[in-house]
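This report looks at selected features of one structural model.

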Amino acid sequence: MLELVNLGIKSIFIENMVFAYFLGMCSYLAVSKKVDTAMGLGLAVTFVLTITVPVNWLLQEYVLREGALSWLLGAQAAEIDLTFLQAIMFIAVIASMVQLVEMIIEKVSPALYGSLGIFLPLIAVNCAILGSSMFMVQREMGLGESAVYGFSSGIGWLLAIIAIAAIRERLKYSDVPDAMKGLGITMVITGLMGMAFMSFMGIAL
Amino acid sequence: MKFLREKLDNIKPDFEKGGKFEKFHYLFEAVDTILYVPKEVTGSKGVQVKDANDLKRLMMTVVIALVPALLFGMYNVGYQHYAATGVTDASFGDMFIYGAIQVLPIVLVAYAVGGMVEGTFSVLRKHPLAEGFLVTGMLVPLCIPASIPLWQVAVAMIFAVVLGVEVFGGVGTNVLNVALTARAFLYFAYPTDISGNVWTSGIEGANLVEGFTGATPLAIANATPAGESVVATLEASSYGGINFGFMDMFLGFIPGSIGETSTLAILLGAILLIATGVASWRIMVGVFGGAYLTGLLLNALAVNAYMGMPAHYHLVIGGLAFGAVFMATDPVTAAHTTVGKWVYGILIGVLTVIIRVFNPAYPEGIMLAILLMNVFAPLIDHYVVESNKKMRLKRATV
C-alpha cells in the first residue's frame with residue numbers, strides 16, 4: 001500500500017510528465033490560456049490515462065508480450081511475440097477512450113466541448129498518454145501499480161497545465177515584448193517552472 | 001543642494017519629448033525622482049492620495065530592512081574567516097573590515113550589472129526605470145556565499161533581470177522571485193561554487209587548518225548518522241571555537257550565505273517590514289508556522305536522525321528565516337489574496353522542511369520551496385477569488 005502511495009507522489013511531483021519528461025507539451029502550450037478550460041482538459045487527460053494505462057497493461061500482459069498468448073493457445077504459443085504491435089494497439093485503445101470522453105463531454109458540457117475544440121480529439125496523440133503506457137511496460141509495473149501510475153501521471157499533468165494557465169491569466173497585466181508574445185513567453189515560463197520543480201528531483205521514495 | 005536641482009531643471013527639456021536626448025527620458029526621470037520627490041500633484045478635483053508612498057519608497061524600505069542582515073553578514077564573514085584560519089586575537093574591527101572587503105564588491109557588482117540591464121531595457125522598451133533592482137541587487141549578494149566569483153554574480157544578475165523580469169515587461173509582472181531566480185541559476189549552473197565547502201571565504205592552501213570542515217549546520221544535520229541525535233552532533237562539531245548550539249545559530253555565528261545566518265538580524269528587518277506594512281506578516285507567520293508544525297510532525301514519526309531534529313531548530317538553521325522574511329513576501333510573486341497568503345506561506349514552510357529532510361540532493365529547501373509556490377501562487381489566488389464569487393452569489397440570491 002505504501003509503495004502505491006509513494007509511486008503516486010513520485011509520478012505527480014518528482015517525475016512530472018511536463019517538467020521532468022517534457023511530454024504532452026502541445027496541448028499544454030495550446031490550451032493553457034484559461035484556468036477553467038485547462039482544468040477541463042486536465043481532467044479529460046487524467047480520466048483517459050487512468051483507464052488506458054491499466055487496459056494497456058492487460059493488453060501487454062495477455063496479448064502482446066512474448067508468450068503472452070499461452071493462456072489461450074497453450075504451450076505452442078510460447079514463441080509468439082507480438083510486441084511489434086505495441087504502439088499501434090496502445091494508440092487504438094487510447095483513441096477509442098478519447099472518443100468516449102469526447103462524447104461524454106459533448107453531452108455533459110457543450111461549453112467546455114466548444115472551448116477545447118480540436119484539442120479534445122487530439123488527446124489521442126497526446127504523448128503524455130502514450131508515454132505513460134510505454135513507461136508502464138518499460139518499468140515492468142503490475143496491474144495495481146499501472147492504475148495508480150496512470151492516475152497520478154494525469155494529476156501531475158493537470159497540476160502543470162492549471163498552474164501555467166493561472167500564470168498566463170495573470171500575464172494579461174504584463175507588457176511582454178512583441179516578439180515574445182504567445183508561445184515564446186509560455187516557453188520561458190515553462191522553463192522557469194521546470195527550475196522550480198527541480199526541488200523534488202533527487203527525492204528517493 | 002540647490003544647484004543640483006537647478007542643473008536638473010536646466011537639462012530637463014533635453015530629455016522631454018522633442019529634446020535631443022528624448023530616448024533617455026526614463027533614465028533622466030529615474031535619477032530625478034531618486035534625488036527629489038516628484039513635483040507633480042493631483043489637482044483640486046480628482047482622486048487625492050493621502051500618502052507619498054510609492055514604489056521607490058517601498059523598495060527603499062526593504063533595502064533598509066536588509067541593512068542589519070548585511071552588516072551582520074559582513075562581520076560574520078570576517079568572524080568565520082579568522083575562526084577557520086585559527087587566528088584567535090582578531091578584533092571586531094579586523095573581522096568587520098575583512099568581511100566588508102569580501103562582501104561589498106559582490107553588492108557593487110550586483111547593483112552595477114542589475115542597474116545597467118534595467119537601464120538598457122528602460123531605454124529600449126521605453127518604460128520607466130523600475131526600482132526593483134534596488135532590492136534585487138541587495139538580496140542576491142545576501143543569499144550567496146562570500147566566496148562566490150564576481151563574474152558569476154554578474155551572469156546571474158543578467159539572467160535573472162532579463163529572463164526573470166524584463167521578458168515579462170518589467171517590475172511587477174514577473175512570475176518568480178528575481179533574487180531567487182538568480183540564486184537558482186547559480187545553483188544549477190555552477191553547483192560547485194555555491195554548495196559544499198565554500199561558505200567561509202579566504203581559505204586556501206596554507207591557511208587551511210586541521211579539523212576545519214566548512215560544512216554548514218544543515219549539511220551536518222543532514223549527514224547525522226543513524227541512532228545519534230542531531231543536536232548532539234551539531235554541538236559536537238565545532239571548529240575554531242564556534243559551536244552549533246541553538247543560540248549560536250539564532251545569533252548567526254555560523255557559516256552560511258552572507259545574509260542568512262543571523263535569525264536575529266533578519267527579525268529586526270522583519271519588524272521594520274511589518275511595521276511599515278511593506279511585507280505581509282501573514283506570509284511570514286505562515287512560513288514559520290508551517291515549517292514548525294511539519295518539524296513537530298516529523299519528530300513524532302521520526303524514523304531517522306534528521307527527522308528527530310527538534311522542530312525549532314528548523315527555524316534558525318540555514319536560510320529559512322531569510323527566505324520567509326525577504327523572499328516569500330515579495331508582493332509581486334506571492335499570492336495576492338488574504339486567504340491565499342496563508343495557504344502560500346504555510347505551504348512554503350511545509351515544503352521547505354520536506355525538501356530538507358527527504359531530498360538528499362538539496363540540503364536547503366527554502367529556495368526551491370519559494371520558487372515552487374511562486375509558480376502556484378496565481379492558481380491559489382484564482383481559486384480563492386472563484387470561491388469568493390460563489391459565496392457572494394449565494395448571498396445575493398437568498
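This is a predicted model: local features need pLDDT of at least 70, side-chain atom pairs count only at pLDDT 80 or more; totals for chains, interfaces and linings use all residues.

The surroundings of B:Y344 can be listed in some detail: once residues up to four places away in sequence are set aside, B:Y344 touches B:I283, B:A328, B:T333, B:A334, B:A335, B:I370, B:M373, B:N374, B:A377 and B:I380.

## A covered helix in chain B

Helix α15 of chain B, residues 320–327, is mostly covered, since 8 of its 8 residues are buried. The buried residues of α15(B) are B:L320, B:A321, B:F322, B:G323, B:A324, B:V325, B:F326 and B:M327.

## Packing of α1 and α2 in chain B

Two packed helices are described by the angle between their axes and the distance between the axes. For helix α1 (residues 2–15) and helix α2 (residues 25–35) of chain B, the axes come within 11 Å and cross at roughly 160 degrees. Because angles over 145 degrees count as roughly antiparallel, α1(B) and α2(B) are roughly antiparallel to each other.

The crossing in which α1(B) passes α2(B) is left-handed. On the α1(B) side, the residues that meet α2(B) are B:L4, B:R5, B:L8, B:I11, B:K12 and B:F15, and their partners in α2(B) are B:H25, B:F28, B:D32 and B:L35.

## Loop residues

Two residues of chain A have a positive phi although neither is a glycine: A:F22, with a value of about 55 degrees, and A:E140, with a value of about 55 degrees. A:F22 is found in the loop between α1 (2–14) and α2 (25–30) of chain A, where A:F22 counts as partly exposed at 47% relative accessibility. A:E140 lies in the loop between α7 (127–138) and α8 (143–170) of chain A, and A:E140 is exposed, with a relative accessible area of 70%.

Is the loop residue B:I144 buried or exposed? B:I144, found in the loop between α5 (132–142) and α6 (150–165) of chain B, counts as buried, with a relative accessibility of 0%. Leaving aside neighbours within four places in sequence, B:I144 is in contact with B:I106, B:V153, B:R183, B:L186, B:I194, B:S257 and B:I258. The C-alpha atoms of B:I144 and B:I258 are separated by 6.2 Å, while the two residues are 114 residues apart along the chain.

## Cysteines

A disulfide is a covalent bond between the sulfur atoms of two cysteines. With a cut-off of 2.5 Å between cysteine sulfur atoms, the count comes to 0 disulfides over all chains. A:C26 is one example, for the nearest cysteine sulfur, that of A:C127, is 4.9 Å away, and A:C26 is in no disulfide.

The exposure of two cysteines can also be stated: A:C26 is partly exposed, with a relative accessible area of 47%, whereas B:C143 counts as buried at 5% relative accessibility.

Note on methods:
Residues are numbered from 1 along each chain as its sequence is written. Chains are lettered from A and ligands numbered from 1 in the order in which they are written. Side-chain values use heavy atoms; hydrogens and water are left out. Buried means under 20% relative accessible area, exposed over 50%, partly exposed in between (1.4 Å probe, protein chains only). Contact means heavy atoms within 4.5 Å. Axes are lines fitted to C-alpha atoms, for helices over the stretch in contact, and angles run from 0 to 180 degrees between N-to-C directions. Helices (H or I, at least four residues) and strands (E, at least two) are DSSP runs, numbered from the N terminus. Angles under 35 degrees count as roughly parallel, over 145 as roughly antiparallel, 65 to 115 as roughly perpendicular and the rest as oblique. A crossing is left-handed if the near helix is turned anticlockwise from the far one by less than a right angle, and right-handed if clockwise.
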